[in-house]
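The following exercises are to be worked through with the sequence and the structure at hand. Each task is followed by a solution in steps.

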Amino acid sequence: MVALSTSAPAQSKDNLSRFAWSTDSVGSARFISAHGHRAAVLGYSQDGLEFWVYPFQIVSSYKVSFHPQGSATAIDGQNLLRRIIYGPEAVTRIYAGPDFIVREHIFVPIDEPGAIIRYEVESRQPIDIDIHFVPVLNLMWPGGIGGQGTFWRAADSAYVLAEETRRFSGSIGSPDIVAHDETPNQNRQLTRDGGLAFTIRAGGDHPARVFITGGPQQTASAIAKQFQQSETSLEKVAADHYTALLNNMLQIETPDEAVNRALAWSEIALDQAWVCNPNLGCGLAAGYGPSRIARRPQYDWFFAGDGMVDLPVMLAAGQYTRGREELEFILKYQDQKTGMIWHELSQSAGWIDWNRYPYMFVHVELTFDFLSAVEQYFSVTGDRDFLVAHWPAIQSAYNYCRSLVDRNDGLPHIPPDKEGSREQEALSEELALSANWVSASQTFAELANSTGHTAEAAEASAASRKARELIPRRYWDAEQNFWISGYTRSGTPLLDRQIGPVHLLAQGIFSDAQRDSILQQLATSDFQADWGTRGRASTSSTYDPNSYANGSVWAVSTSAVAAAFWSAHRPATAFPIWNSLVPWSSLDSLGHMHETLAGDYYHEEFESVPEQTWSSATFLSATVNGLLGFRLDAASNHVVFAPHLPPSWHEISLRHVRIGSAGLQFELSTSLNEIKLNIQNSGAPLKLTFDPKIPLGAQLVKASFRGRSIPAVLETHPQDTHARVDLELPHGDSSITIASSGGVEIEPATQPVAVGDRSRGIKVTKVNLRGHTYSIDYDYLPTAVDTFELHTPWTIDHAEGARFEKISPGRYRVVIDPSVQNAGNVSYQHGDVQVTFAQAKLQ
């Protein structure tokens with residue numbers, strides 16, 4: 001069971017508890033981690049925790065057992081673990097034993113090289129706690145050193161970990177130790193796991209503490225002493241840090257508390273991914289997971305591509321300084337000879353010759369992505385100084401991209417010794433890369449114009465136009481009416497119906513008919529599970545639901561698909577896809593999202609990283625750019641707000657929306673045929689386009705701004721309708737009201753999921769309104785009862801393919817009963833419902 005809080009937004013450090021998640025589901029599949037910029041504690045309880053002070057693993061297999069005084073047998077802590085509380089600043093594990101409770105508070109200071117574990121005991125007598133661990137003191141994979149040793153230092157009441165070059169040291173100990181293992185040089189191993197142990201005593205008003213630290217040369221012991229003296233102040237620094245983050249971050253409040261919590265934790269997870277390596281600098285780590293065979297805590301190192309995926313969220317959250325720091329960290333390791341952007345950088349890279357390993361400069365698409373990321377940063381922040389300061393590097397990156405373009409076909413090709421975005425196949429051409437060239441060349445042209453390089457801008461724009469014309473012919477399979485993912489080195493097209501780079505659908509590269517064909521297929525149960533979008537169609541011959549790349553469900557792809565449907569004005573399909581990601585934040589490490597789940601049953605894919613940064617980041621970016629339809633352009637001082645809210649969300653608020661130096665607050669309320677937006681602009685006047693979705697088929701009645709009538713434009717699309725107003729938004733408070741009449745909106749029932757479930761929810765693939773008949777196309781299981789709601793002021797006359805019942809004025813429930821003819825069929829089928837409204841009510 002996961003407990004959620006529903007209190008008001010955080011206003012002080014005391015309110016950090018609002019964002020704490022508590023669970024009594026504490027089995028072996030519950031990952032925990034505590035993060036700082038320079039250290040981390042992480043692991044699954046069955047394997048024990050590992051402690052990192054970057055770039056070194058200090059100890060691993062940290063486990064506890066409890067020894068009530070007078071008892072001859074210790075109790076394994078794993079058997080007593082009953083509850084875990086995840087907070088932004090710390091994690092607490094609660095153990096319930098016979099006549100005692102132990103709270104294990106795991107804390108990593110924000111900017112210090114170590115961790116503090118505090119044990120608070122409630123018992124009639126003190127409890128002895130046995131700490132078991134394996135000393136390591138070795139570099140993150142693939143680095144490694146030798147000559148380590150561990151010895152007991154009585155003066156520090158700690159084990160000291162050292163290595164012969166004396167460049168780094170570690171320490172694990174406690175002032176509360178009452179017994180400890182010796183470290184003699186013996187000819188036999190006397191313990192089963194080869195580790196060490198010590199015993200601490202806690203009880204009553206006396207908590208016990210364990211300090212794990214690391215540092216250059218022989219500083220680890222001194223750092224541990226500093227921790228003992230400054231524990232309270234270190235905790236206050238962390239509390240203040242997260243209080244400031246929560247009070248100043250982008251705050252989105254919806255009627256759904258689970259959504260609110262997932263969104264807030266997406267920003268927390270992004271902050272927790274900021275890592276500072278003493279040799280390399282500070283940047284975003286790609287994620288956190290347990291070390292498996294080697295000393296590699298999964299993605300707890302630097303990936304340029306992941307950082308660029310995360311960048312839009314930092315910008316949306318107003319974290320402009322950190323966004324610039326991430327871009328400058330990426331530029332720091334750019335290949336100075338070619339201009340190529342790097343792929344990944346282990347935290348041990350400062351200790352080894354990293355360029356000898358085949359990981360640094362391997363993915364060609366990242367340099368294309370970099371140009372788009374820079375343009376995105378400039379558009380939101382208006383930071384022209386960044387462009388000027390780094391123009392040679394930006395131009396070098398563009399020149400590298402251009403060097404890959406084939407002179408004969410005008411599209412980029414992948415060199416034989418490099419890879420594109422698909423690591424699993426050796427490709428020579430890739431749809432994603434070609435689409436990225438369209439974006440990269442166009443964005444470079446815009447950057448060049450902004451810095452006065454007009455000749456370069458003209459050349460880049462021409463290259464973008466040429467590629468845009470070529471892609472629909474080169475990458476389209478007319479037989480499947482689906483795109484071709486790429487071409488192998490032998491020239492064979494990939495026709496595997498992979499999800500592909502769906503973000504390009506918003507770029508207008510493919511025709512409307514091609515775009516609709518792709519989206520129509522992506523909307524079906526062939527791709528859609530109750531927990532997201534499969535990376536490959538389940539009917540593809542190469543589909544494997546438990547494969548990392550051939551059919552599993554990725555959060556990053558699911559977010560992109562939802563955003564693509566919103567961009568194409570298909571909100572009835574978009575919202576359920578996006579909403580399917582909300583349960584991910586409580587599946588494993590509370591508040592964080594896995595990298596990928598299985599394609600057939602709801603559970604994590606077994607290679608998946610439990611805390612994947614870009615999973616959290618793209619969920620938030622799909623919310624901001626898709627659900628809410630925000631476009632922020634500081635360069636032109638223009639904000640677009642085009643929300644696609646589901647009909648049951650009657651209010652939503654947004655605080656700390658930042659554009660340039662201005663701050664905006666939005667309070668949006670809706671009823672069946674009216675939308676009211678209250679805005680507070682703390683900055684200078686700006687241009688605002690407010691373009692909300694209204695019921696499909698609705699007609700405009702009026703629009704007003706600050707009580708005065710203003711012109712509005714009705715925008716009609718096959719599957720949704722919008723009402724747009726354009727205005728100058730002054731400093732201070734303002735309000736906009738849009739009134740409409742008629743129309744209809746659909747809201748499919750949310751399908752709850754539990755571990756082990758198959759997909760069984762209805763998938764709305766298309767809606768349409770022709771005259772007085774509203775049609776809904778969907779995929780469904782014939783053995784299930786499916787429902788959805790219609791919100792409309794119109795009166796339903798009759799329905800074909802379903803029955804309906806009126807819930808309240810303006811709300812109907814439409815019920816699709818199980819099919820008697822297909823009662824034995826457990827596969828998804830396609831169906832449709834035709835709802836006809838009374839014609840007299842359509843006026």
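**Exercise 1: Two packed helices**

In this predicted model, helix α12 (residues 555-567) packs with helix α14 (residues 613-627) at an angle of about 5 degrees, and their axes are 8 Å apart. Determine how α12 and α14 are oriented to each other, and describe the residues of their contact.

*Solution.*
1. Two packed helices are described by the angle between their axes and the distance between the axes.
2. Angles under 35 degrees count as roughly parallel. The angle here is about 5 degrees, and α12 and α14 are therefore roughly parallel to each other.
3. On the α12 side, the contact is made by Ala555, Val556, Ser559 and Trp566. On the α14 side, Trp614, Ser615, Thr618, Phe619, Ala622, Gly626 and Leu627 take part.
4. Sorted by kind, the residues of the contact of α12 with α14 comprise seven nonpolar, four polar and no charged.

**Exercise 2: Aromatic rings**

Classify the pair formed by tryptophan 301 and phenylalanine 303 as stacked, tilted or edge-to-face, and state whether each of the two residues is buried or exposed.

*Solution.*
1. A ring pair requires centres within 6.5 Å. By this rule the model contains 45 aromatic pairs.
2. For tryptophan 301 and phenylalanine 303, the ring centres are 6.3 Å apart and the planes stand at 40 degrees, so the pair is tilted.
3. Buried means under 20% relative accessible area. Tryptophan 301 has 0% and is therefore buried; phenylalanine 303 has 7% and is therefore buried.
4. Both residues belong to one aromatic cluster, formed by Trp141, Tyr299, Trp301, Phe303, Trp354, Tyr357 and Tyr359.

**Exercise 3: Charges over rings**

Identify the ring over which arginine 474 lies, and the ring over which the charged end of arginine 497 sits.

*Solution.*
1. Arginine 474 lies over the face of tyrosine 487, at 3.8 Å from the ring centre.
2. The charged end of arginine 497 is over the ring of phenylalanine 482, 5.7 Å from the centre of that ring.

**Exercise 4: The surroundings of threonine 454**

Locate threonine 454, decide whether threonine 454 is buried or exposed, and list its contacts beyond four places in sequence.

*Solution.*
1. Threonine 454 is found in helix α10 (residues 454-474).
2. Exposed means over 50% relative accessible area. With 53%, threonine 454 therefore counts as exposed.
3. When neighbours within four places in sequence are left aside, threonine 454 contacts Ala448 and Asn449.
4. Between threonine 454 and glutamine 834 there are 380 residues in sequence and 55 Å in space, taken from C-alpha to C-alpha.

**Exercise 5: Backbone exceptions**

Which residues are joined to proline 55 and to proline 142 by a cis peptide bond? Where do serine 157 and glutamine 298 lie?

*Solution.*
1. Most residues other than glycine have a negative phi, and most peptide bonds are trans.
2. Tyrosine 54 is joined to proline 55 by a cis bond, with omega about 5 degrees. Proline 55 is in the loop between β5 (49-53) and β6 (56-68).
3. Tryptophan 141 is joined to proline 142 by a cis bond, with omega about 5 degrees. The loop between β12 (127-139) and β13 (148-153) holds proline 142.
4. Serine 157 has a positive phi near 50 degrees. Serine 157 lies in the loop between β13 and β14 (158-163) and, at 16% relative accessible area, is buried.
5. Glutamine 298 has a positive phi of about 60 degrees. Glutamine 298 lies in the loop between β22 (287-288) and β23 (302-303) and, at 10% relative accessible area, is buried.

Note on methods. Residues numbered from 1 in each chain as written. Predicted model: local features only at pLDDT ≥ 70, side-chain atom pairs only at ≥ 80, totals over all residues. Heavy atoms only, no water. Axes fitted to C-alpha atoms, helices over the stretch in contact; angles between N-to-C directions. Helix = DSSP H or I, 4+ residues; strand = E, 2+ residues; numbered from the N terminus. Parallel < 35°, antiparallel > 145°, perpendicular 65-115°, else oblique. Contact = heavy atoms within 4.5 Å. Nonpolar A, V, L, I, M, F, W, Y, C, P; charged D, E, K, R; others polar. Phe/Tyr/Trp six-rings, centres within 6.5 Å; stacked < 30°, edge-to-face > 60°. Buried < 20%, exposed > 50% of the residue type's maximum accessible area, 1.4 Å probe, protein only. Lys NZ or Arg CZ within 6 Å of the ring centre and 35° of its normal.
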